[in-house]
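Me: I would like a close look at one part of this model. Please take me through the chain it belongs to, then the place where the chains meet.

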Amino acid sequence: MNNSSDVRESIKSKVPSVLATNPRLVMFLVLVVVSTVLSRGVFLSPSNIHNMLRQYSTIGIMAVGQTVVILLAGVDLSQGSMMALVSMVVAYLNVNGFGIVLPLVVGLLVGALGGLFSGTIITKGKVPPFIATLAMASICRGLATLITQSRPIYGLSKELLVFGRDTIGGIGIQVIIWASVGLLGIFMITRTVYGRGVYAVGGNEKSAHLSGINVQKVKLLGYAFSGICAAIAAIVITSRMDMGGPYVNANDNVQSIASVVIGGTSFAGGRGSVSGTILGTVIIAMINNLMNLMLINPYIQQGIIGAIIVVTVTLNQRKARTE
Amino acid sequence: MFQNRTQIKNKVGSNFSGNIVLPLVFIAVMLIGALISPLFFSVQNLRNIIIGSATFGILASGMTVILIAGEIDLSVGSQVALTSVVMATLAPRSLTLAIFVSVLVTVSIGIVNGVLLTKTKMPSFVLTLSTMGIVRSIALVIGDGQPVYGVPRSYASLANASVGGIPLVALALVVIYLLTWFFLKYTTLGRSIYSVGSNAEAARLTGINVNRIKVAAYAISGFMAGLAGLYYTSYVTLGLPDGAVDYETEAITAAIIGGASFFGGEGQVTNTLLGFLIVAIVKNILNLMGVSPFVQPVAIGLLIIVAVGVRTMRKS
């Protein structure tokens, strides 16, 4: 009797403090309530939630990679264009009779090599990450349109469509891929030597170097991982749209960054988490879902994402300064 | 130590990349152009180069000011699109009003960028990436995602107009670059932008209001985006809410090839002019060679990497 009331007391005292330290969770809960009320319960229906997760899995996958580079005090502005390039490469190889496995392997390789290339420019050329990846974005966009003179590629083989369309046990495969990439990211960042290297390099590059960490290698692998995530997202979206698309919405890159920012990762590097990012993507998905439910002009939506980034970064920095 | 490094960087930057190498590269690309096609030096082709690229040229002068201040402005492409929509919407009523409102809007966007930057202390590429989306949204909402017609024909013909055989916009570019050059070199505000960019803390200690200077730099960037938008509207002859995508990348490329640094305090608008011409000529050469236009973004990306890479190697 006494025990249970103690427990209740301690939960009561902990809940507000958890909420106070985690504005994402508050945002998430508020969004759940508001969406549920405004949609008269439709929001909470399994099919709505499932659709939402399927739709945002590509952004969610990219955001996991983006988290690692932002933790390294960098950024990857080439993810959106890389996604377009990989989508075209995979589709091109697939419709030209190279089967399934080879296009997928080559697609992932393109992502990894592209990331390594950006990483090399950043580490060896001492180019600021946003400029290096901006240049990389331009290169990828050009190559993506070059393959077919900017025409989409149709007629993919059926086996390629499983990644964006099939389900396992009622759950869309792309959601499972997102969850796997997310778990891999969490594991990599929190449980491996590499993850500790990421936090060390992002927190203070000089002291990381002095403590014997190979800073360049950590950064190179970070950008390679970001490129691979963009490639996985490309495979999912190619499969979902049943075509290779040379123009993937540039907004996707902004949403990937927004997920990371809302997830609480700091642009100064060294502070943040992949789990926060996953919640960040879910929050963005819910905001967009809510705007659709409220029939808000879709053209306003990318502006709202931009505004959310500004507000969140401001709040995060306020918090960091008061701490 | 950091101060020393920026001082050395300043000296190296102005002595080498500015004075000798850049004009040589410029002459080299001209020669390559002449060798590749007899059409290169034709009056028509030279006109095409300027008229087709002038929007980037105007943006690049504003981008140079922002880079000297040690910041970046990724929202200028969206600002150009917004200007074209505002122009196409208002010009049928009154052209003067349309021009006035357009420039007022972009200068205000610049001021908002600057104020948000100085108040929130967030990295400028994140901030302007966000305002890029916001400004693009506004353009799309005003135009309802569709091209806006209504630019008067007389205004649309300005892009192709000439004075004594020289395109009007070429003269405009000369005036814009001369004014920016004069501003950066001979006004207090211009010189303050250099000191804020090379060492904000030192600038603050000498009594410069760093925040105000940064806001001013963004206002100038907005002003230039407005001018670029005015020209763009005449060039494309309508309001394009989804137009001018990635124009900021080309403006940045021109400024960087011209020797502006991302670390601030460095860069000359005269060199940016050369950088802009080099990029425009390289694109023209690719066209004359019959290379697919889709190669151009690849070339732009590589030019950025090569320009920065060469500079870094020379410094180390």
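Reply: Start with overall size. This is a predicted model. A compact globule of 323 residues would have a radius of gyration near 20 Å, and chain A has 21 Å, so the two agree. Along the principal axes, the C-alpha atoms of chain A fill a box of roughly 70 × 55 × 35 Å.

Next, what builds chain A? It has 14 helices and 2 strands. Of its 323 residues, 48% count as buried. Now take the contacts in chain A between residues at least 6 apart in sequence. Of these, 78% join residues at least 24 apart.

Now the meeting place. Chain A gives 35 residues to the contact, and chain B gives 35 residues. Look at the side of chain B that touches chain A. The elements that give two or more residues there are α4 (95-120), α5 (124-143) and α13 (296-315) of chain B. Which of them gives the largest share? That is α5(B), with 13 residues. By kind, this side of chain B divides into 21 nonpolar, 12 polar and 2 charged residues.

One more helix of chain B deserves a look. Helix α3 of chain B covers residues 76-90, which makes 15 residues. From first C-alpha to last, α3(B) reaches 21 Å, close to the 21 Å expected at 1.5 Å a residue. Is α3(B) largely enclosed or open? In α3(B), 13 of the 15 residues are buried, so this helix is largely enclosed by the rest of the structure.

Note on methods
Residues are numbered from 1 along each chain as its sequence is written. Chains are lettered from A and ligands numbered from 1 in the order in which they are written. This is a predicted model: local features need pLDDT of at least 70, side-chain atom pairs count only at pLDDT 80 or more; totals for chains, interfaces and linings use all residues. Helices (H or I, at least four residues) and strands (E, at least two) are DSSP runs, numbered from the N terminus. The expected span of a helix is 1.5 Å times one less than its number of residues. A residue is buried if 20 or more other C-beta atoms lie within 10 Å of its own, exposed if 12 or fewer, and partly exposed in between; C-beta atoms are placed from the backbone. Two residues are in contact if their C-beta atoms, placed from the backbone, lie within 7 Å. Ala, Val, Leu, Ile, Met, Phe, Trp, Tyr, Cys and Pro count as nonpolar, Asp, Glu, Lys and Arg as charged, and the others, Gly among them, as polar. The radius of gyration is taken over C-alpha atoms; the globule rule is 2.2 Å times the number of residues to the power 0.38.
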